[in-house]
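Q: Could we go through the side-chain contacts and helix packing of this model?

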Amino acid sequence: MIVQIQPSQLSGQIRAAASKSSMQRACAAALLTVGETILRNPGNSNDDLAAIDVIQKLGAEISYAENGDLHIRSGGIQPRYTEVNCGESGLGIRMFTPIAALSSEPITLNGTGSLLTRPMDFFDQILPQLGVSVASQQGKLPLQIKGPLRPANIEVDGSLSSQFLTGLLMAFGAAGADDVTITVKDLKSKPYIDLTLQVMKHFGWEVENNEYRSFRFTRSQEPVRHHAPLAYTVEGDWSGAAFLLVAGAIAGPITVQGLDIVSTQADKAVLEALVACGCQLSIRPEEIEIGPLPLQAFHFDANDCPDLFPPLVALAAYCEGTTVIEGVHRLAHKESNRALTLQQEFAKLGIEINLQDDLMLIKGGTGVKGGVTQSRHDHRIAMACAVAGLKASSGVTIEEAEAINKSYPAFYQHLQELGAAVNR
């Protein structure tokens, strides 16, 4: 699909989409819980739908109520299929692999698209220490595993992604880990682990967090059973809303609703960058008003929130001076190599981006011009190019624009509702 964004003035209100980080964790927790879970405000992105498909194949039964709530009934891990597919969800494959390993049945875990090229050798190293046999394709998908996983004291490397740890924490909890510790070296994206622990606590698992250096299960908690339905409300998505907020700072004013300002989501940190750049910003519970003022370059550490690089590059393009964003090494294993992709695609719009070791330097305030960009099948690149086009000198075209379906299918529609001229 090809989408063209024409220079536009935005106004009005929009509600943030559901968080796929929250949604997928809740799906996993509901699968591991004996009883019924009701998910309110469920997401419908490709990653969300992949998670729903995985939990069904691993034993859960699902149905939708007339009001849109998702009902999940589970008796724990009881695989109905020998293979599950996580689509292109990095969180999905990293979280559900240890969870699927709770079964004694052999299971193959696979994915599609860019997920097939992402490194998974973490599991080759860790799962055998937990009694799970594993075979990968030289550290890539598909993975063949056979459990059952038995919790044990282990040490893991948290530098590539916190998502591996999320899966282990959930699997250990469901397996009834008792007086067992996971020690972590160099953990990245700590706020995502906060979200994992928050979801686990809501569903009944307690984990002792020792300053993110170790996580201890102090008593057996298996199995978690709920005799009455347990309700969980999926949060509004700060990752997708970051693009709306940047759009408001560039071409607003607009109001974004449905975001929890005390959320543990890592991408809530976008507010720090928005404050630093000097835009018009008013933050209230459940509502954020944002609009343009003369924007200045800013310095931002994205080590714990690498998904903010794309929207912040779009913001930096309109900020006078050179913006510096730290954490480039976190971008290599995304849907694309995002550092190089951002550099190349924004060059087509007249924006110079330099990469210096772990720093990205964006020269802003020079004017964004129209042009033809390519998403590289990366949802966040597509959205970044669309937002950058809102005040370009002429239209910005995005090829493979359907990539947004991975996380935010309604993104172009939401831009249109705010007044953007979107041709698709």
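Q: Before the details, what kind of model is it, and which atoms are used for side-chain values?
A: It is a predicted model, in which local features need pLDDT of at least 70 and side-chain atom pairs count only at pLDDT 80 or more, while totals for chains, interfaces and linings use all residues. Residues are numbered from 1 along each chain as its sequence is written, and side-chain values use heavy atoms, with hydrogens and water left out.

Q: How many disulfides are there?
A: The count is 0, where a disulfide is a pair of cysteine sulfur atoms within 2.5 Å.

Q: Changing topic, how many aromatic pairs does the whole structure hold?
A: The search finds 8. Rings of Phe, Tyr and Trp (its six-membered ring) pair if their centres lie within 6.5 Å; planes under 30 degrees apart count as stacked, over 60 as edge-to-face and the rest as tilted.
One of the pairs is F172 with F217, whose ring centres are 5.9 Å apart and whose planes meet at 45°, so the pair is tilted.

Q: Where do F172 and F217 lie?
A: F172 is in helix α5 (residues 163–174) and F217 in strand β13 (residues 214–217), so the pair ties together parts 45 residues apart in sequence. Helices (H or I, at least four residues) and strands (E, at least two) are DSSP runs, numbered from the N terminus. Both F172 and F217 are buried.

Q: What is the geometry of F243 and F411?
A: Their ring centres are 6.3 Å apart and their planes are at 70°, so the pair is edge-to-face. F243 lies in helix α7 (residues 238–251) and F411 in helix α12 (residues 411–417), so parts 168 residues apart in sequence are tied together. F243, Y408, F411 and Y412 form one aromatic cluster.

Key
Buried < 20%, exposed > 50% of the residue type's maximum accessible area, 1.4 Å probe, protein only.
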